[in-house]
Amino acid sequence: MVSGSTDGAGQVLLVGSSGGHLAQLLALEPWYRERRRAWVTFDTPDARSLLDGEDVVWAHHPTTRNVKNLVRNAFLALKVIRRRRVDAVVTTGAGVALPFVVAARLRRIPTVYIEVYDRIDSATLTARLCRPFLSAMLVQWEEQRRMYPEATVVGNLL
């Protein structure tokens with residue numbers, strides 16, 4: 001079961017592809033521990049294991065160069081954002097992030113993107129696509145501010 005307040009507050013939607021993107025979101029556990037939350041990721045064995053007992057929405061994958069799943073995830077995002085009381089969307093990417101960031105922004109829900117730690121010399125495609133819809137851009141390395149001058153450096157998550 002999801003821990004967190006039961007005072008009627010909305011929830012944080014944590015969105016990320018399985019694997020490293022999910023691992024970086026999981027590293028935020030001290031921050032989200034006491035918050036109501038739900039996860040959006042891919043239905044993979046590692047995600048099932050890591051998110052056992054959590055509120056999870058399984059997104060469609062693969063997303064890389066897969067227009068069909070982009071459209072499917074866009075409809076999923078609209079449905080999830082409309083039906084749940086979401087206070088914020090926090091994501092580390094990748095492809096699954098864009099539909100949820102856009103859907104949240106359309107509803108004036110704050111959106112936060114955390115650029116992955118292993119992209120120091122170039123911006124990720126997902127970050128570039130999500131950027132116009134973000135409330136905040138966070139990076140893990142000072143060097144990443146070359147691509148995102150408006151970003152806040154939060155340090156390494158892993």
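A: Let us begin with the terms: helices (H or I, at least four residues) and strands (E, at least two) are DSSP runs, numbered from the N terminus, and two strands pair if DSSP finds at least two bridges between them. Residues are numbered from 1 along each chain as its sequence is written, and side-chain values use heavy atoms, with hydrogens and water left out. The model is a predicted one, in which local features need pLDDT of at least 70 and side-chain atom pairs count only at pLDDT 80 or more, while totals for chains, interfaces and linings use all residues.

Q: In what order do the strands of the open sheet lie, and which are the edge strands?

A: The seven strands of this open sheet follow the order E3-E2-E1-E4-E5-E6-E7, and their pairing is parallel. The edge strands, each of which pairs on one side only, are E3 (56–59) and E7 (152–153).

Q: How many bridges join E4 to E5, and which residue of E5 stands opposite Val 89?

A: Strand E4 (residues 86–93) and strand E5 (residues 111–114) run parallel and are joined by three bridges, and Thr 111 in E5 is the residue opposite Val 89. Elsewhere in the sheet, E2 and E3 also run parallel and are joined by four bridges, with Thr 41 having Trp 58 in E3 as its bridge partner.

Q: Which residues of H5 are buried, and what does Pro 99 touch?

A: The buried residues in H5 are Ala 97, Pro 99, Phe 100, Val 101, Ala 103 and Ala 104, and they pack against E1, E2, H4, E4, E5 and helix H6 (125–130). Pro 99 has a relative accessible area of 9%, and, not counting residues up to four places away in sequence, Pro 99 touches Leu 70, Asn 73, Ala 74 and Ala 77.

Q: Which residues of the largest nonpolar core touch the most other members?

A: In soluble globular proteins, nonpolar side chains tend to be buried together. A nonpolar core is a set of buried Ala, Val, Leu, Ile, Met, Phe, Trp, Tyr and Cys residues joined through side-chain atoms within 4.5 Å. The largest one here has 18 residues, of which Leu 13, Val 15, Val 40, Ile 81, Val 89, Val 96 and Phe 100 touch the most other members. At least two residues of this core come from each of E1, E2, E3, H4, E4 and H5, and H4 gives the most, with four. There is also a second, separate core of 15 residues, including Val 12, Leu 22, Val 90 and Ile 114.

Q: Which residues form an aromatic pair?

A: Rings of Phe, Tyr and Trp (its six-membered ring) pair if their centres lie within 6.5 Å, and planes under 30 degrees apart count as stacked, over 60 as edge-to-face and the rest as tilted. By this rule there is one aromatic pair, which is formed by Tyr 32 and Trp 39 and is edge-to-face, with 5.3 Å centre to centre and 90° between the planes. Both Tyr 32 and Trp 39 are buried.

Q: Which backbone atom does the side chain of His 21 reach?

A: A polar contact is a pair of N or O atoms within 3.5 Å; within protein, one must be able to donate a hydrogen and the other to accept it, and residues adjacent in sequence count only if both atoms are side-chain atoms. His 21, in helix H1 (residues 20–26), reaches the backbone oxygen of Thr 92 with its side chain at 2.8 Å.

Notes: Buried means under 20% relative accessible area, exposed over 50%, partly exposed in between (1.4 Å probe, protein chains only). Contact means heavy atoms within 4.5 Å.
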